[in-house]
Amino acid sequence: MKYNLCLCNEVGGTTEEEQVALLNLVDNLKATEVLEIGTFRGHTAQAIAQNFPAVQVATVDLPPGLFPELPDIPCERPYYDIGKQRDVIVASNAKRFYHDSGLLNQAKLELFGWLGKFDLVFVDGGHSLAQVLNDSLVAVECVRSGGVIVWHDYGEPYLDTVCRVVNGLFAGAMQIPHTRLAWWRKP
Ligand SMILES: C[S@@+](CC[C@H](N)C(=O)[O-])C[C@H]1O[C@@H](n2cnc3c(N)ncnc32)[C@H](O)[C@@H]1O
């Protein structure tokens, strides 16, 4: 195995194949800046950071104790605070941001210096249609031209929101075989 993975055995985490695919993308893009929307315990952010010490990983999750502004899927609520209580991020090149992604408007992104900054944006936050749509549009703003957006939960049988947004808005997006990841390159 080329990589040192950081796997989470709980619902919502990335599988071995998914982490390898993401790490290969980071490598192929020669990425230096990665953004993840939806941190949970931080396994995927930690995996990227520990394999690529020169890459800065920013990862966004809800502030502790807060529910999202946009309509969410109520069954996801119990997970919001678990991730913060059982954080696995130890790499100094991965940084957690506490922010509702539904409130990441243009002015905030500009303030953070995130507009067009990232080589790779991994979208894996809330899964209601409104949240996936919002986070995808945030990702478009944050990824540089020629950079890549990756969505988790594409093709999940019980969840069609990611497929609806990706298929509806991102022409040319493709699923990575043997994963629930879809990717799209910004022109
Ligand atoms: C499926 S988990 C993320 C898993 C993580 N990407 C990984 O690979 O381990 C989804 C996360 O999205 C977060 N989330 C949900 N709604 C959000 C919002 N509006 N803003 C930021 N984070 C949100 C949840 O708190 C949860 O931790």
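Which of the 24 residues around the ligand come nearest? They are G12, G38, F40, T44 and G126, where a residue is near a molecule if its C-beta atom, placed from the backbone, lies within 6 Å of it. The model is predicted: local features need pLDDT of at least 70, side-chain atom pairs count only at pLDDT 80 or more, and totals for chains, interfaces and linings use all residues. Residues are numbered from 1 along each chain as its sequence is written.

**Ligand shell**
- Two or more residues of the shell come from each of α2 (43-51) and β2 (56-61); helices (H or I, at least four residues) and strands (E, at least two) are DSSP runs, numbered from the N terminus.
- The shell has 13 polar, seven nonpolar and four charged residues. Ala, Val, Leu, Ile, Met, Phe, Trp, Tyr, Cys and Pro count as nonpolar, Asp, Glu, Lys and Arg as charged, and the others, Gly among them, as polar.

**Strand β4**
- In β4 (residues 118-123), five of six residues are buried, meaning that 20 or more other C-beta atoms, placed from the backbone, lie within 10 Å of a residue's own.
- β4 pairs in the parallel sense with β1 (residues 33-37) over four bridges, and L35 stands opposite V121 in β4; pairing requires at least two DSSP bridges.
- β4 and β5 (residues 143-151) run parallel, joined by five bridges, with L120 opposite V148 in β5.

**Whole chain**
- The chain has six helices and seven strands.
- Of its 187 residues, 40% count as buried.

Notes
Buried ≥ 20, exposed ≤ 12 C-beta atoms within 10 Å, placed from the backbone.
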